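Q: I would like to learn how to read pockets and ligand surroundings in a protein model. Could you walk me through them?

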Amino acid sequence: MLFKVDNLNLIYDIGKEDQTYALRNINLSLEGNRLIGIMGPSGSGKSSLLYSLAGLKIPSSGTISYKNMKFKELSVSKSTELRRKDFGFVFQRHFLIEYMSVIDNVLTPINDNSMKAKEKALGLLKKLGIEHLAGKKPHKLSGGQRQKVAIARALINDPKVIFCDEITASLDHSSAREVMKLLDEYKNNALVIVVTHDASILENADDIINIWDGAITSIKKRGMEGYNESAINL
Ligand SMILES: Nc1ncnc2c1ncn2[C@@H]1O[C@H](COP(=O)(O)OP(=O)(O)O)[C@@H](O)[C@H]1O
Ligand SMILES: [Mg+2]
């Protein structure tokens, strides 16, 4: 089991007048080598759940473990190191560095300018069909191409978990499908978690976790005959 979440609650501005219950009693176990979708409308708590799994949000109560390590028992430096080594992130906005070339953007997480690292970055860009853009600056690229660069950057350190937050939101349908196809291939090496409010991009997902008002309402697991909705006895 890669992730285990027990009785997770996340409340923003706790105790204040405008406190928000973002996650309510979440219980979840996630295995590796799967593509998992977290689905729900805007404001339902998807990003909160994603960043909690990544150890970037501290639960108000409950426990999250990754590889049997409880985040709350790790030092800040240990959890930072874990994220750097094991996790890759792709966001709705790509956050590329405009004055750096595409290939240098891809290399930023590993801080390594060796020939070997460059070849690896080029290999990833090739897989994404944008190797020819390696020397270009991000502003020369289309939205879909930029998002692919952000994906290559997330994959450069061979993450065990790839966290994706609404990454297809600003893409046209064909670019969105291409990006999802790539992530689907990547699940052979990692757990891929995709947060979205768009069900159409989750055609290939192994599991779909539906979330509503901070609570999980159903988990659908893909089996031989399509999706089976599990009893919500989590
Ligand atoms: N940093 C924050 N401070 C206060 N409230 C927040 C913060 N981030 C999110 N929220 C609130 O928590 C709820 C869940 O938000 P979020 O996890 O971003 O949902 P989603 O990603 O599904 O749109 C929403 O009501 C949102 O307004
Ligand atoms: Mg969000």
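Q: What volume does the largest pocket have?

A: Rolling a probe the size of a water molecule over the atoms shows where empty space is left. In this predicted model, the largest pocket has a volume of about 310 Å³.

Q: Which residues of its lining lie nearest the centre of the largest pocket?

A: Of the 18 lining residues, those nearest the centre are Gly55, Ile58, Pro59, Phe71 and Lys72. Both β4 (61-66) and α2 (76-86) supply at least two residues of this lining. By class, the lining has six nonpolar, nine polar and three charged residues.

Q: And how many residues line the second largest pocket?

A: That pocket, with a volume of about 260 Å³, is lined by 14 residues, and Arg83, Phe87, Gly88, Phe89 and Pro109 lie nearest its centre. Two or more lining residues come from each of α2, β6 (87-90) and α5 (143-155). Here the classes are seven nonpolar, four polar and three charged.

Q: Now the ligand: which residues surround ligand 1?

A: Among them are Tyr12, Asp13, Thr20, Lys46 and Ser47. The largest share of the shell, three residues, comes from α1, which spans 46-53. The shell divides into three nonpolar, seven polar and two charged residues.

Q: Where do oxygen atoms of ligand 1 meet side chains?

A: Look at Lys46: an N or O atom in its side chain is 2.8 Å from a ligand oxygen. The side chain of Ser47 also has an N or O atom 2.8 Å from an oxygen of ligand 1. Alone, ligand 1 exposes 560 Å², and the protein buries 61% of that.

Definitions and conventions. Residues are numbered from 1 along each chain as its sequence is written. Chains are lettered from A and ligands numbered from 1 in the order in which they are written. This is a predicted model: local features need pLDDT of at least 70, side-chain atom pairs count only at pLDDT 80 or more; totals for chains, interfaces and linings use all residues. Side-chain values use heavy atoms; hydrogens and water are left out. On a 1 Å grid over the protein atoms alone, a cavity is a set of points where a 1.4 Å probe fits but cannot get out, and a pocket is an open set with protein on both sides within 12 Å along at least five of seven lines; lining residues have an atom within 4 Å of a point. Grid points are joined across faces, edges and corners, and a volume is the space filled by probe spheres set on the points. Helices (H or I, at least four residues) and strands (E, at least two) are DSSP runs, numbered from the N terminus. Ala, Val, Leu, Ile, Met, Phe, Trp, Tyr, Cys and Pro count as nonpolar, Asp, Glu, Lys and Arg as charged, and the others, Gly among them, as polar. A residue is near a molecule or strand if one of its heavy atoms lies within 4 Å of it. A polar contact is a pair of N or O atoms within 3.5 Å; within protein, one must be able to donate a hydrogen and the other to accept it, and residues adjacent in sequence count only if both atoms are side-chain atoms. Accessible areas come from the Shrake-Rupley method with a 1.4 Å probe; for residues, only the protein chains shown count as cover.
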